[in-house]
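Subject: Structure handover

Hi,

Here is the structure I promised to pass on.

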Amino acid sequence: MPGNPLPDAEQLLKALIEQMRPAVGPETGLIGIHTGGVWVAERLHQALALRVPLATLDVSFYRDDYESRGLRRDVKRSEIPFEVEGRDLILVDDVLYTGRTIRAALNEVFDYGRPGRVQLAALVDRGGRQLPIAAQFLGATVQLKSGQSIELERDAAGRLRLVLREGGK
Amino acid sequence: MWLNPSNPQLNRAGELHHLLTLEGLPAEILRQILDTAKSFVGAKVKKVPLLRGRAVFNLFFEPSTRTRTTFEIAAKRLSADVINLAIATSSQTKGESLLDTVDNLSAMHADMFVVRHSESGAPHFIARHVAPDIHVINAGDGRHAHPTQGLLDMYTIRHYKKEFSGLRVAIVGDILHSRVARSQIHALTTLGCPEIRVIAPKTLLPAHVEQLGVHVHHDMRQGLKDVDVVMMLRLQSERMQGALLPSAEEFYKYYGLTEQKLAAAKPDAIVLHPGPMNRGVEIDSSVADGRQSVILPQVTFGIAIRMAVMSILAGTKAK
């Protein structure tokens with residue numbers, strides 16, 4: 001791809017780690033949203049040396065576009081290996097866009113219990129919000145032309161990279 | 001017609017719109033169902049909001065407690081409203097035709113019909129008749145098919161044995177009358193199982209069963225030799241009335257799965273049974289409750305499979 005206009009995901013990750021470091025405590029629970037959000041969350045979890053095990057969420061059964069788009073093909077099992085009740089949580093996603101994924105994630109998390117507080121970390125915010133949702137921890141904001149979308153990729157060595165897709169959602 | 005002309009359970013985009021039989025379903029769709037089911041197995045939160053506001057009608061023209069219950073639990077765990085109708089005791093006895101029943105329930109805004117019927121093909125008949133936004137699941141029709149049972153058996157095998165590619169599988173008992181056996185054979189073949197054996201007396205085998213690609217055995221010890229998976233079938237007592245079998249005792253002697261007969265299989269072979277079991281007829285209690293039995297996990301996986309099928313179907317549009 002000629003001249004990737006997108007920021008370097010590894011740099012964004014570093015920025016995110018530094019933002020989050022003062023905000024996390026020994027009981028903070030990190031929840032990655034499949035698929036890209038889990039990759040980001042795995043890296044954050046390791047870098048921040050969190051004690052509470054990492055949770056992963058697949059929000060397919062809570063999405064509001066099921067009616068129009070059906071069930072995604074590669075649904076994963078959600079795993080929250082800690083008590084949600086009363087805990088400080090940070091949801092982690094790769095690209096923040098309409099906010100609908102985060103809405104679905106909040107609904108799913110609340111089926112596990114009533115958290116003390118929920119915050120949001122995202123690698124990039126591409127604008128276009130349709131719900132009143134904002135990230136407390138953010139790598140960068142990017143401007144996209146209509147018809148473009150961003151995806152996170154992970155190579156064999158585990159390095160993250162943002163790629164631009166034309167004619168996306 | 002919105003359905004795919006070559007396979008009426010798929011829409012024109014090749015997506016699963018009804019589940020009527022495993023025959024002719026591509027491996028990709030079978031794997032999609034098994035993978036989706038996996039996300040439900042062991043989930044901490046049992047209930048998800050996916051089908052909230054949808055109405056699932058269990059239409060059971062033939063009695064079945066277990067299958068109906070697992071469909072009901074599956075639908076409820078997806079937050080659907082479930083209406084159970086045991087039709088043999090209701091309008092059919094008053095002379096209402098099958099399609100009249102279906103039309104009336106459709107007018108009550110049904111979104112999905114789960115159909116069990118003693119006539120082969122009844123779910124197909126209903127699927128061809130209903131409006132494009134209604135989905136039909138075959139929960140067992142005559143001697144024809146029982147696709148969700150076949151799928152949960154495949155799930156069970158994959159859970160314990162990981163791959164189908166190196167497996168030797170034996171299906172034992174009343175193959176002739178068994179819709180379960182037919183669904184199992186189709187699914188195993190599609191998923192790449194290299195050796196399927198059927199073990200039964202001649203009177204309980206369909207004519208030309210070899211054409212399904214299976215190896216026929218009449219002797220348990222030969223048939224079970226070195227198999228990885230033993231799939232027992234239920235011997236329906238009504239079959240004993242005719243001339244097909246001399247007695248339950250004699251069937252047990254030759255085809256009942258005992259520890260001695262199971263010893264011919266691989267030491268880590270698993271034993272499946274679709275239930276309800278006739279202990280002391282097709283299976284001995286020591287095997288049914290033994291270390292190789294995976295009969296109770298099958299029931300648990302059955303709920304996940306039915307949840308997966310409903311989630312996939314209800315999200316498929318007519319196109």
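A term to start with: helices (H or I, at least four residues) and strands (E, at least two) are DSSP runs, numbered from the N terminus, and two strands pair if DSSP finds at least two bridges between them. Also, this is a predicted model, where local features need pLDDT of at least 70, side-chain atom pairs count only at pLDDT 80 or more, and totals for chains, interfaces and linings use all residues. Residues are numbered from 1 along each chain as its sequence is written, while chains are lettered from A and ligands numbered from 1 in the order in which they are written.

Now for chain B as a whole. Its secondary structure comes to 11 helices and 11 strands. The radius of gyration (taken over C-alpha atoms) of chain B is 19 Å, close to the 20 Å from the globule rule (2.2 Å times the number of residues to the power 0.38) for 319 residues, so chain B is as compact as a globular protein of that length. Along the principal axes, the C-alpha atoms of chain B fill a box of roughly 55 × 40 × 35 Å. Of its 319 residues, 46% count as buried, meaning that 20 or more other C-beta atoms, placed from the backbone, lie within 10 Å of the residue's own.

Next, the sheet. Chain B has an open sheet of five strands in the order β9-β8-β7-β10-β11, with parallel pairing. Its edge strands are β9 (215–217) and β11 (270–272) of chain B, each pairing on one side only.

Strand β7 (residues 168–172) of chain B is joined to strand β10 (residues 229–232) of chain B by four bridges, and there I171(B) has M231(B) as its bridge partner. With strand β8 (residues 195–199) of chain B, β7(B) pairs in the parallel sense over five bridges; here I171(B) stands opposite V198(B). Going from β7(B) to β8(B), the chain passes through helix α6 (residues 179–190) of chain B in a right-handed β-α-β crossover (with the strands pointing away from the viewer, the path from the first strand over the helix to the second runs clockwise). Further along, β8(B) and β9(B) share three bridges, again parallel, and R197(B) has H215(B) as its bridge partner in β9(B).

Finally, the two chains: 15 residues of chain A are in contact (C-beta atoms, placed from the backbone, within 7 Å) with 15 residues of chain B.

Over to you!

Methods: A residue is buried if 20 or more other C-beta atoms lie within 10 Å of its own, exposed if 12 or fewer, and partly exposed in between; C-beta atoms are placed from the backbone.
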